[in-house]
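Hi everyone, thanks for coming.

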4 protein chains.
Amino acid sequence: MVVILENSATKEQIENVIKYLEDYGFQIHKSTGVQRTVIGAIGVQPGFDTRKVKILDGVADVYRVTAPFKQASRSFKEDKTVIKVKDVEIGGDEIVLIAGPCSIESEEQMFKLAEVVSKSGSKILRGGAFKPRTSPYSFQGMGEEGLVIMRDAAEKNNLVTITEVMQIGEIDVIEKYIDIFQVGARNMQNFALLKELGKTQKPVMLKRGLAATIEEWLMSAEYILANGNPNVMLCERGIRTFETYTRNTFDLSAIPIVQKISHLPVIADPSHATGYRDQVPPMARAAVAAGADGLMIEIHHDPENALSDGPQALLPEVYLELINELKLIAKAIHREI
Amino acid sequence: MVVILENSATKEQIENVIKYLEDYGFQIHKSTGVQRTVIGAIGVQPGFDTRKVKILDGVADVYRVTAPFKQASRSFKEDKTVIKVKDVEIGGDEIVLIAGPCSIESEEQMFKLAEVVSKSGSKILRGGAFKPRTSPYSFQGMGEEGLVIMRDAAEKNNLVTITEVMQIGEIDVIEKYIDIFQVGARNMQNFALLKELGKTQKPVMLKRGLAATIEEWLMSAEYILANGNPNVMLCERGIRTFETYTRNTFDLSAIPIVQKISHLPVIADPSHATGYRDQVPPMARAAVAAGADGLMIEIHHDPENALSDGPQALLPEVYLELINELKLIAKAIHREI
Amino acid sequence: MVVILENSATKEQIENVIKYLEDYGFQIHKSTGVQRTVIGAIGVQPGFDTRKVKILDGVADVYRVTAPFKQASRSFKEDKTVIKVKDVEIGGDEIVLIAGPCSIESEEQMFKLAEVVSKSGSKILRGGAFKPRTSPYSFQGMGEEGLVIMRDAAEKNNLVTITEVMQIGEIDVIEKYIDIFQVGARNMQNFALLKELGKTQKPVMLKRGLAATIEEWLMSAEYILANGNPNVMLCERGIRTFETYTRNTFDLSAIPIVQKISHLPVIADPSHATGYRDQVPPMARAAVAAGADGLMIEIHHDPENALSDGPQALLPEVYLELINELKLIAKAIHREI
Amino acid sequence: MVVILENSATKEQIENVIKYLEDYGFQIHKSTGVQRTVIGAIGVQPGFDTRKVKILDGVADVYRVTAPFKQASRSFKEDKTVIKVKDVEIGGDEIVLIAGPCSIESEEQMFKLAEVVSKSGSKILRGGAFKPRTSPYSFQGMGEEGLVIMRDAAEKNNLVTITEVMQIGEIDVIEKYIDIFQVGARNMQNFALLKELGKTQKPVMLKRGLAATIEEWLMSAEYILANGNPNVMLCERGIRTFETYTRNTFDLSAIPIVQKISHLPVIADPSHATGYRDQVPPMARAAVAAGADGLMIEIHHDPENALSDGPQALLPEVYLELINELKLIAKAIHREI
């Protein structure tokens, strides 16, 4: 922590601040310039509230020196995390493609789409069984029945699976059938849920909250890591800004930043970021060009009759075409799809 | 729903849109101007995804005509909701004061503060037993033990109590000891939790998410109302904006708007909105002047040693002084404290 | 400036950073902790781009120690600035009321409204002669003719006047007739204009840009101050956020903050912040309760036929009623109107 | 305009609204549903303030049917605008590269960099002579002397030139030496400046304001178009959001949207969007992949000693390498660099 004192801070105030910090066990380094005194307070105090120092008399500003996340940071683990699920590697040179419908709707639908996913060379099948809906009057998902369908469709097509978990009570049943847990944007700071997922060993994909800073996102990852599960991947899916022409603002600038400060893989979700199918391909391409470690894309063979988010689902043939472009872009930046 | 067609929409496209809407059971009114055709689609389809229409050929824009919340709206219930808890009324002419520490820390602390709350004429005691903390390394609350302490302190001082519920598993134990459930900002869209709270009959105070629109906030209230619990009050506690000098931006402009479109009482929380004790009094005064139905303010007799959020807690004597100012402001707008 | 080094920074990298800073004339204080080294670089280098240090090898983060604004800061001038215009004082104990129409439209209109302003006890008359309009197809103002009308209406009613200046070419003509220059939100960073206004001696009211941080706002004030004009007052008029139910988010939390870090008076403009007349009174009351040094409120005797912003103008009788409430609130916080 | 009435609107209120609209010359279509009445008001009234209708009794909501911009819209001009400057085409199949230093600093610097730009195959040279700086204490540019240098350097290397214009008084001198005017983000709503640029015939590149919606951006383009200059290109350069790890949030999702609703070319500026040189290449690649019609990138042969924005400038060799990647990405989406 670095403490900047007011120009007008008295000697007594400065001494008081130093004593205060020493009482908390910090090691103190004082620098006195012509105008100001700056105090470096060294020593890690997990969870120390720096506002306590900021409100002391004579203090102008306080900066934390260490990032509040530890296990999620590059200084904790220099090598990029590669998560292995069956024969799929997430975070390696290959860019991973995750595809499937928003909601699991029927056996026919899932088998049809799993085949598309498999034929396209994508390796992970997505599908929601428990759905978080803004309106209590919307379709809420097929539940366990859907999970069984997804598992069967995936097995037949040799795919890894991912589905969203919304509450602690769903962890057991999902773990039984599915390979990767997804935590949705609205649950990014559902700490009780994160803690429990930290106690499982299956990988977790943690979506960024609509208004979550990169730091908060990594702090939420920290909840999972600190509870014992090292297999966390992040997922950028758009943030909320003042702009209303776009559904969300897809924060691609976050991708290289997160990769610099953290070792965790970063997936991008252009479907939820944009909300409209005609904007998915340009944003999928941009995400690969920006360096994402994977993409999650919603597809549907009959989007008109999809039970949720049909307007953002790509038709299978559009998805296949898009993959061809993505392969060339991956190549341009020395990666593979 | 109102559908605006492109200037260039063909007759066939327009007919196609009309047929599409009729198939969904909407009743159609077409208006043709010199430049454009506008279609009014009347008939309520709960949860209908308007994007389905927006992506049809020839469609320029689509607007929902009805607000997506129902039971939370003024058109559903014209009279303001007044929630009665013991002898306290929330949402009436009197502005309700809720005060207490951030976290329940000990018997001594709670009894001391409950006495302050009672003497100040405030009627509701707050205190957290289960704490949502951004960092997994911070104090996580006293749990049930804390609830017992709070109940005892409140009973001795004839106070109503409120505490935060973070997950479904905590509902039963909280219901046993406490009068009002608080849902925190991070859980505003934890729909599973909201549904369960809808099945209880105790009042729920729903905090606005950091980046939640007013509409989403009311939709979350709708989850509780639609599941059978009519006793919902809202709580504005600051939103996230680009400004970093302030911890949050306290959105007081939301208060008169929410009171116009909804019948639910609105509480304001200047402590979390500002994060620093010196900014609490001006914002508390502003919230009363803006028309809030109540205030929630953190107090602590020894903020320096508080286990959480000490820097934003008012000392008891500052709180008492503030109340005197608030009484005069309430009078100026023909209300009481 | 405080420079935080990476945990993994090598001795050579640290020495390189120190040499770099010394070459720029900074005085160096190095603090070495168990995990990290922190360097304090003391010495003011106006306009130094701290990113230059941030990109050096081994550097984790850099913080500026001094605020970039000088003359606008409380450490430059401890006493609050009180601006005197004729017999009006802005920034003193009395809260100043500025009222009038959005646009100057006719002699009849201005004389009528100037009389209302005067009778209400308000001291400053507002009115736009050069109008910044988002659309090139909207009314653009009466120009000099309007200024003459406003001056005459003000003189007859013993009022001080304020009007918006949009470009350098308008400064001379406005200076001839009007007492206070207003710089609009969209021009807050029109630095060429600010410099020229710094060379005049008439007071300037600087509105906050829609997305301007408090720091940028004060930096723009600095442009005027640094060019020789000490008579600057600030005006909060709402910022842009994700919320769309409100026109802008009125950032009342900025008021106590700005008053803490700067000595300049802060005016609040609830008319532009809300955009609708029914929301002006609650927000005007809240601004006074939050500690604003003045209010600017749009009024019109015939808002229906106003040439601009009629929907946010108060009728004269509503304005008079509001003032009665504001007086009581001012009293509650030991100020006067 | 579409007017939605309250469920509870009385017959009299509805008739009153209709009469009101008819008095303004609108043609009325009334649709009455079970719950609500919806009124379509057809007929273009440029600059009509829809809030006037919103505040009428019985009105729930009002939506504009036509976009407020005209000449900037695709419905005004279906074909994409291609701007020709000398032998360069902006908005065609080829993606245009604009490169050069932030500020013009010396003859040596400009000739060196112009040569790099030319050798790289880029066609437009950038460089600032009049600099908008947040701080009044920073370098403010070389002025006309710089323009002469840039013209000479460009001529020698057969390049087209672009520079920023900050005020009306600079238009003449810039027009004398330079091919394209750039309007900076802070001046996006400097309407006086836009009007004057509309009267010139040289192309204008209009940067998006930090907090400007897409609609406001196009409305500002409309100011230039409506005053007679059809050669407008847009430039996305990052918007302001709550995120602080990134300097700005580069809004790439805006690119396909703007290209859908407008015919104007869209350039992307990853240098200002990110502010740090290591983030420029991934964001440049992403912008091309998202479909930008051009890129503007800052380069410097000695960024350490650049007088402004050195930390975001690419070294010439990095720029050349980046172009190789960009060419492959352009090919992947069937365009050329």
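**Salt bridges, a helix, a strand and some cysteines**

Let's start with D49(D) and R51(D), which are both buried, and buried here means under 20% relative accessible area, with exposed being over 50% and partly exposed in between (1.4 Å probe, protein chains only). D49(D) and R51(D) form a salt bridge, with their closest N and O atoms 3.1 Å apart; that term means a side-chain nitrogen of Lys or Arg within 4 Å of a carboxyl oxygen of Asp or Glu.

Quick housekeeping: this is a predicted model, where local features need pLDDT of at least 70, side-chain atom pairs count only at pLDDT 80 or more, and totals for chains, interfaces and linings use all residues. Residues are numbered from 1 along each chain as its sequence is written, chains are lettered from A and ligands numbered from 1 in the order in which they are written, and side-chain values use heavy atoms, leaving out hydrogens and water.

Another one pairs E144(D) with K176(D), at 3.8 Å from N to O. Those two sit 32 residues apart, E144(D) in helix α4 and K176(D) in helix α5 of chain D. Helices (H or I, at least four residues) and strands (E, at least two) are DSSP runs, numbered from the N terminus. K176(D) counts as exposed because its relative accessibility is 59%, while E144(D), at 36%, is partly exposed.

Strand β7 of chain D runs parallel to β14(D), joined by 5 bridges, and DSSP needs at least two bridges for two strands to pair. In that pairing, V96(D) stands opposite G294(D).

Over in chain C, helix α11 covers residues 316-332 and reaches 25 Å from first C-alpha to last, close to the expected 24 Å, where the expected span is 1.5 Å times one less than its number of residues. Its buried residues include Y319(C), L322(C) and I329(C).

Last bit, cysteines. A disulfide is a pair of cysteine sulfur atoms within 2.5 Å, and the count over all chains is 0. For C102(A), the nearest cysteine sulfur, that of C235(A), is 13 Å away.
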